[in-house]
Each structure stands twice: as C-alpha cells, then as structure tokens.
Amino acid sequence: MTDAAEVSPGEFPPGQEPYQPARFAFDAESEDEIAVHLAKYPPGRQASAVIPLLYVVQTQMKRTTGSAWVPRAGMEAVAARLAMPPIRVFEVATFYLMFNLRPIGKWHLQLCTTTPCWLRGSDAVVAACREATGIEGWGETSADGMFTMTEVECVGACVNAPILQVNDDFYEDMDADRTRKLLAALRDGTPPPAGSMAGRQTSAPEGGPMTLTTLAFAPGEQADAG
Ligand code: FES
C-alpha cells in the first residue's frame, strides 16, 4: 500500500493517483452481501443500493488489503453493477465522509470535536492521539501505517461525550489517559470492547441507573394494565 501521506491531494489528476488500483472485482463474500442488498429493491430501482454497495467495496478493500477505502475502480464496478452513470456514483462517494477516497491506516481514529465533545474534553483526546501516533495534521496517516486521524462532526453519541470512533466502533467517555491506553491496545492488536471507557452501563448516569431500577409493579397495577 502506498503511504497516503506521501501524496498530496491535487498532485495528480483524479483517478490517476499512484495508489489507485487499475482494476477492482467483487469477491465471493462481497457478492453474497450484494445479493442481500439488491433484493431489498424492486426491479429497476437497484440504484437505491449505491450506498450499501460502496460500503461493500470499502469493506472488501479492508479485508483484502488492510485499508478501508473506496478506489476509483471500485466506484466504476458499483456503477456497472447498478447500471448507473459512473459520475452519479462518484458524486455519492465524494459526498459522504464515511467513504475514504485514499488508503488509510489499519485503525481509523475519527475524533469528534463538536461542541458537546469539546466541552467534555475532546481537545485532550486529540492531543493524546497526536502524541501517541506522531500525526500532526487531520487526514494524515502515521509513518508505520497503523493510524489515520480524521476530525468528524457530531456522531450522535453526545450523551457519553467525548467520543473517539475507531473504524466502526465507538469508544466513549474518553480522556487523555484512556486514549493512550486504547491506542496502545490497538497497536498490540487487542482492542477492548467498544462502549463507555468509564464503565458506564450504556448511557446510564455515572454510578449506575437511577430510574426504572426494578421491574416490580405496584399492587394492582398489572391487573389494571391488563
Ligand atoms: S458532539 Fe460528539 S457525539 Fe455529539
């Protein structure tokens, strides 16, 4: 894999970047996934599956190369499969931040810095990631190819802010020390279970649930409900 940090955006014409593979073909596992997605839509409406199929491309790239991204040849394969003009697939792939258009590291660190996460300490999480990876700018990949850092807007988990998304998993209630420990575990190939790093039960208050702590009914309540 070409190190994405070696190539500057705009340095080469679109589609001719040196890291772009010449061809992309769906493998058997992807074909099984594609069949499931296409079956959701009536005949003639298969173009509605463009987002899932782009994700199939990205997942196959992760499985086969170790880097989750969508090459130009993958977009063209999706366009051919869905009988869409390639430009329409390019438009979708370049609109959504979740599709990586260049090779990325093994672990994609997606740091939420929107207001709730910022108020809860995302600056410290960002600093810890920079310190542990040596990455200075957003979108860059570490020299060892292990990490890519991306700044993201709210990922919808503010209740357990700040959030560090790693590949497809959310690590919540982060701080500098927890971030350092998480990145060390990722480097060792032993990621901990996703969720709250403070041990909180889902999004319950710290210290444990404070409401609905028993399923016991008040006298007569069950009979009335029936
Ligand atoms: S602001 Fe970070 S998850 Fe909402």
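Tutor: Ala124, Val125, Ala127, Ala128, Cys129, Ala132 and Thr133 in α6 meet Ala176, Thr179, Arg180 and Leu183 in α7, where two residues count as in contact if their C-beta atoms, placed from the backbone, lie within 7 Å. Helices here are DSSP runs of H or I with at least four residues, strands are runs of E with at least two, and both are numbered from the N terminus. The residues of this contact of α6 with α7 divide into 8 nonpolar, 2 polar and 1 charged, with Ala, Val, Leu, Ile, Met, Phe, Trp, Tyr, Cys and Pro counted as nonpolar, Asp, Glu, Lys and Arg as charged, and the others, Gly among them, as polar.

This is a predicted model, in which local features need pLDDT of at least 70 and side-chain atom pairs count only at pLDDT 80 or more, while totals for chains, interfaces and linings use all residues. Residues are numbered from 1 along each chain as its sequence is written.

Two packed helices are described by the angle between their axes and the distance between the axes. For α6 (residues 122-133) and α7 (residues 176-187), the axes come within 8 Å and cross at roughly 35°; axes are lines fitted to C-alpha atoms, for helices over the stretch in contact, and angles run from 0 to 180 degrees between N-to-C directions.

Turning to α7 by itself, this helix has 12 residues and reaches 17 Å from its first C-alpha to its last, close to the 16 Å expected at 1.5 Å a residue, the expected span being 1.5 Å times one less than the number of residues. Within α7, Arg178, Thr179, Leu182, Leu183 and Leu186 are buried, a residue being buried if 20 or more other C-beta atoms lie within 10 Å of its own, exposed if 12 or fewer, and partly exposed in between. Seen down the axis of α7, these buried residues fall within an arc of 130°, so they line one face of the helix; the arc is that of the directions from the helix axis to the C-beta atoms. On the other side of α7, Asp177, Ala184 and Ala185 are exposed. The buried residues of α7 pack against α6 and also against the strands β1 (107-112), β3 (164-166) and β4 (169-172). After α7 comes Gly189, whose phi is positive, near 80°.

One of those strands, β1, holds Cys112, which is buried, with 27 other C-beta atoms within 10 Å.
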